[in-house]
Amino acid sequence: MNLLGWWRSRGSAARFDLFVRYTFYLSFVFLPPLLITSFAREVSTTALIVIIAAVLTYALLSFRLVHVGIEHHLGHGPFPRRLMAIYLATTGALLVAGQLAYPDPLPGRQDSTGDGISVIFLVLAITTLSAVLRPRTLLLIALAGGAWMLLTAPPDNALFMTLMLVFLVGAFRSTLWMLRIVWELDRSREVRANLAVAEERLRFARDLHDVVGRNLSVVALKAELAAQLARRGRDTAIDEMLEVRRIAHESLDELRAVVSGYRTADLSAELAGARSLLASAGIDCRVIGDVTFEGEPAGALGWAVREGVTNVLRHSEARTCTITLRGKVLTMTNDGVATSAFRFGSGLTGLHERIAALGGSVTATPEAPNRFVLTVELP
């Protein structure tokens, strides 16, 4: 994979992360050479080699601390206490060594050059510490550096350098804050996508339960009826088995529609189907009221009728069932229910989720002595 392909394969958060990291890392590319060249012409070869080794070692230590500090800031690792202690000790040792080796300005140089070396070193240190320490601590360090510059440089230069260090602290810390926010947004987008997938799976499972549950109940009922008729030598057993075959074919068509995501429940058709199905099971079914609306609300109440009929067939020994429709309020009442055995199962849970998405409510309540009332109300 070439460089362009590698860059395009990274997400927006990963690109911004790379940009922020290299903003820090570039400091360790440009600042160390500036420090080395500041000494190159005024010190001996041996001293220059020592300075180069010290600067490069300090730059590598700074690079490592920045990397670990960013990982800690993003929550990917612990706070680098040991590395931080080593870095602070090294910084203090370099400052003391530099002061002891060169207590006065370099030969042939003005004080401003020494100030420039101090500024480069302070910028390198502040850049590194910005990835690890908190803003308040960084500001105190920046002000301390400015106070030190005030003792060794003209007041105007010291004030400018102090403001520059404070600006660097704000810039680097705000960049890290934005980096964390970008990663959090990226994770939120991923979580939202996963939730959408989970919601679609729940919808599919709910629809599959509604289709398979009701139709398998019908198949079982029809098959049992055909078996009873066959034992009695009735020719109508053949008709019942043909009906089972028809229902099985319809179930396959409905399953295909569920998979495609285009399946809807027609309220009028469901009411007619409920009346016919319950009648074939020996249950007296009455439908009170008419359908006066269409669209998604009618489809939702159609699902309610389907789930209610499924529960009547599977979980009761009903003899009567009344379906009442008043506006957008549907009530199903049946007998033959053991009150103590009532359980709010997956079918009613799925129905509640479907109706709640439209702003409605579902109430399922057993009533003494053996009745059950399902109420679905849409806004």
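To begin with the cysteines, how many disulfides does the count come to?

Guide: This is a predicted model, in which local features need pLDDT of at least 70 and side-chain atom pairs count only at pLDDT 80 or more, while totals for chains, interfaces and linings use all residues. Residues are numbered from 1 along each chain as its sequence is written, and side-chain values use heavy atoms, with hydrogens and water left out. The predictor's confidence in each residue, pLDDT, runs from 0 to 100; its mean over the chain is 79, and 83% of the residues reach 70 or more.

The count of disulfides comes to zero, a disulfide being a pair of cysteine sulfur atoms within 2.5 Å. For Cys285, the closest cysteine sulfur is that of Cys321, at 4.9 Å, which is too far for a bond. Cys321 is accordingly in no disulfide, its nearest cysteine sulfur being that of Cys285. Buried denotes a relative accessible area under 20%, exposed over 50%, and partly exposed the range in between (1.4 Å probe, protein chains only). Cys285 counts as buried because its relative accessibility is 12%, and Cys321 counts as buried because its value is 1%.

The sheet itself is open and has five strands in the order β1-β2-β3-β5-β4, with mixed pairing. Helices (H or I, at least four residues) and strands (E, at least two) are DSSP runs, numbered from the N terminus, and two strands pair if DSSP finds at least two bridges between them. At the edges stand β1 (284-288) and β4 (361-367); each has a single partner strand, so one side of each is left without a neighbour in the sheet. From one strand to the next the twist averages 10°. Strands β3 (residues 329-334) and β5 (residues 371-377) run antiparallel and are joined by six bridges. Val329 stands opposite Glu377 in β5.

Two helices lie across these strands. Helix α10 (residues 267-280) lies across β1 and β2 (320-326), running at about 155° to β1. Helix α11 (residues 296-315) lies across β2, β3 and β5, at about 10° to β3. Axes here are lines fitted to C-alpha atoms, for helices over the stretch in contact, and angles run from 0 to 180 degrees between N-to-C directions.

Ser280 is among the residues in contact with Lys222, leaving aside neighbours within four places in sequence, where contact means heavy atoms within 4.5 Å. Lys222 is found in helix α8 (residues 155-231) and is buried, with a relative accessible area of 12%.
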